[in-house]
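This report describes one protein chain for a reader who is new to structures. Please keep the sequence and the model in view while reading.

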Amino acid sequence: MFRAQNIKIHHIGPVSLSVEAGECAGISGPSGAGKSILFRAFADIEVFSGTLMLDNVIHTDMSGPQWRRQVALMPAESQWWLHTAGEHFPGTFPEKETAFMGFPPDVPSWEIHRLSSGEKQRLALLRILANEPKVLLLDEPTANLDAEGTKLMEKLIFDYQKRTRASLIWISHNPEQLQRVCHTLYYLANGILSHSGRVLY
């Protein structure tokens with residue numbers, strides 16, 4: 001379980017929410033409301049007040065890198081710092097998942113600067129899942145993908161969730177997507193996060 005209690009960051013908060021293992025919570029709201037900033041607090045990247053807990057362990061009992069391996073943030077635009085795609089993956093490259101996402105076997109040798117935004121986004125998800133996090137913070141993960149790419153990414157995410165019982169928090173401006181993928185819906189506006197409904201499958 002992921003739990004945020006009385007989180008305040010910049011103009012946002014206090015925000016509290018809990019996401020059970022195997023649950024997906026969706027967050028919508030107007031542009032500029034602070035959804036991505038809130039995620040940076042959840043990932044313990046920026047200074048905030050309040051308490052974060054993962055399976056009853058407080059975030060301050062872990063180092064920042066330890067927390068972020070378990071509570072993984074996938075931003076709308078992924079960051080890359082080495083020359084090729086394969087250099088960004090710890091251990092064995094996930095060949096099966098990479099093929100599922102439509103990449104050929106030589107993708108580890110691809111140079112980062114030659115990748116499209118959609119290719120980077122798909123590889124960023126594979127890079128995150130390689131660490132087997134318990135929580136995925138998904139910030140518009142399919143924004144740069146076409147319909148087929150979106151379908152594949154959603155399936156990969158939910159196959160992973162089914163296998164690991166990971167908790168998901170999903171930001172999207174697409175209400176149809178949130179209705180499709182989420183159990184619980186929240187709305188962020190004017191610094192306030194409000195519960196806006198529950199989706200029944």
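Strands β7 and β8 run parallel and are joined by five bridges. Strands here are DSSP runs of E with at least two residues, helices are runs of H or I with at least four, and both are numbered from the N terminus. Two strands count as paired if DSSP finds at least two bridges between them. Strand β8 also pairs with β3 (residues 24–28), in the parallel sense and over four bridges. Leu168 of β8 takes part on both sides: Leu136 has Leu168 as its bridge partner, and Cys24 stands opposite Leu168.

The model is predicted: local features need pLDDT of at least 70, side-chain atom pairs count only at pLDDT 80 or more, and totals for chains, interfaces and linings use all residues. Residues are numbered from 1 along each chain as its sequence is written, and side-chain values use heavy atoms, with hydrogens and water left out.

**Burial of β8**

How many of the five residues of strand β8 are buried? Five of the five residues of β8 (residues 167–171) are buried, so the strand is largely enclosed by the rest of the structure. Buried means under 20% relative accessible area, exposed means over 50%, and partly exposed lies in between, with a 1.4 Å probe and protein chains only. In a regular strand the side chains alternate between the two faces of the sheet. In β8, Ser167, Ile169 and Ile171 are on one side, Leu168 and Trp170 are on the other, and all are buried, which leaves both faces covered.

**The antiparallel sheet**

Another group of strands forms an open sheet of four, in the order β2-β1-β4-β5, with antiparallel pairing. At the edges stand β2 and β5 (57–58), each with a single partner strand, so one side of each has no neighbour in the sheet. Two bridges link β5 to strand β4 (residues 49–54) in the antiparallel sense. In this pair, Leu54 stands opposite Val57 of β5.

The peptide bond from Gly13 to Pro14 is cis, with omega near 5 degrees.

**Two residues with positive phi**

His10 is not a glycine, yet its phi is positive, near 55 degrees. This residue sits in the loop between β1 (2–9) and β2. Because its relative accessibility is 59%, His10 counts as exposed. Glu132 is not a glycine either, and its phi is also positive, at about 50 degrees. The loop between α4 (117–129) and β7 (135–139) holds Glu132. At 45% relative accessibility, Glu132 counts as partly exposed.

**Two buried residues**

Val107 lies in the loop between α3 (95–100) and α4. Is Val107 buried or exposed? With 1% relative accessibility, Val107 counts as buried. Leaving out residues up to four places away in sequence, Val107 touches Ala85, Phe93, Thr98 and Leu123. Contact means heavy atoms within 4.5 Å.

Gln177 belongs to helix α6 (residues 175–181). Its relative accessibility is 3%, so Gln177 counts as buried. Apart from neighbours within four places in sequence, Gln177 is in contact with Thr142, Thr150, Glu154, Trp170 and Ser172. Trp170 is one of the buried residues of β8.

The table gives a C-alpha to C-alpha distance for each of these two residues.

| Pair | Apart in sequence | Apart in space |
|---|---|---|
| Val107 and Asp44 | 63 residues | 31 Å, C-alpha to C-alpha |
| Gln177 and Asn6 | 171 residues | 28 Å, C-alpha to C-alpha |

**The whole chain**

The protein chain has six helices and 10 strands. Its radius of gyration is 16 Å, close to the 17 Å that the globule rule gives for 201 residues, so the chain is as compact as a globular protein of that length. The radius is taken over C-alpha atoms, and the rule is 2.2 Å times the number of residues to the power 0.38. Along its principal axes, the C-alpha trace spans about 45 × 35 × 30 Å. Of the 201 residues, 49% are buried. Among contacts between residues at least 6 apart in sequence, 67% join residues at least 24 apart.
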